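Reader: I'm new to this one. Could you take me through the place where the ligand sits, and what is around it?

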Amino acid sequence: MPAAYDPNNIFAKILRGEIPCKKVYEDDHVLAFDDIAPQAPVHVLVIPKGPYVHWDDFSEKASDAELAAFSRAIGAVARARGLGPDGFRVIANNGGNAHQEVPHLHMHVLGGRPLGRMLPGKG
Ligand code: 5GP
């Protein structure tokens, strides 16, 4: 999977403050904000602040501090939105087969209603 980072992708612009977002969580390494087109009552995107295209890129190049912060931020978002008791889903689309649309790594944190099975067509 190619991993050339496009600094003009929409999430890079959000990180630079060039376009707004509804912030849910932020620390030195991570920003989380509401998805502009939510697919569940809670739909938050968690992104690293570093220039990583997708999970392949991030898991290979990120520092241990970035990896730890990213993982903890997902939990912090779930707690902030009260998702723990009923459950929630975390999804990362990586590359073409997964329909990744924005080429900056992001985890979708989804919850607030029953989410059905993970993939359509799978019983
Ligand atoms: P992907 O298909 O790459 O996994 O998901 C991209 C997500 O980014 C989609 O759920 C889409 O709604 C969201 N998105 C696209 N543009 C923007 C934007 O400008 N602001 C926010 N908050 N979300 C966006």
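**The ligand and its pocket**

Author: Let's start with the setting: the ligand sits in the largest pocket of what is a predicted model.

Now for the shell itself. There are 16 residues around the ligand, and Asp35, Asn93, Glu101, His106 and His108 come nearest. Sorted by class, the shell holds eight nonpolar, five polar and three charged residues.

Some of the contacts can be picked out atom by atom. His106 has a polar side-chain atom 2.8 Å from an oxygen atom of the ligand. With His108, too, a polar side-chain atom lies 2.8 Å from a ligand oxygen. Ile36 takes part through its backbone: a polar atom there is 3.3 Å from a nitrogen atom of the ligand. As for cover, the ligand on its own has 520 Å² of accessible area, and the protein covers 85% of that.

The lining draws at least two residues from each of α1, β2, β3 (42-48), β4 (88-91) and β5 (107-111). By class, that lining comes to 18 nonpolar, eight polar and six charged residues.

How values were computed
Residues are numbered from 1 along each chain as its sequence is written. This is a predicted model: local features need pLDDT of at least 70, side-chain atom pairs count only at pLDDT 80 or more; totals for chains, interfaces and linings use all residues. Side-chain values use heavy atoms; hydrogens and water are left out. A residue is near a molecule or strand if one of its heavy atoms lies within 4 Å of it. A polar contact is a pair of N or O atoms within 3.5 Å; within protein, one must be able to donate a hydrogen and the other to accept it, and residues adjacent in sequence count only if both atoms are side-chain atoms. Accessible areas come from the Shrake-Rupley method with a 1.4 Å probe; for residues, only the protein chains shown count as cover. On a 1 Å grid over the protein atoms alone, a cavity is a set of points where a 1.4 Å probe fits but cannot get out, and a pocket is an open set with protein on both sides within 12 Å along at least five of seven lines; lining residues have an atom within 4 Å of a point. A molecule sits in a cavity or pocket if more than half of its atoms lie within 2 Å of its grid points. Ala, Val, Leu, Ile, Met, Phe, Trp, Tyr, Cys and Pro count as nonpolar, Asp, Glu, Lys and Arg as charged, and the others, Gly among them, as polar. Helices (H or I, at least four residues) and strands (E, at least two) are DSSP runs, numbered from the N terminus.
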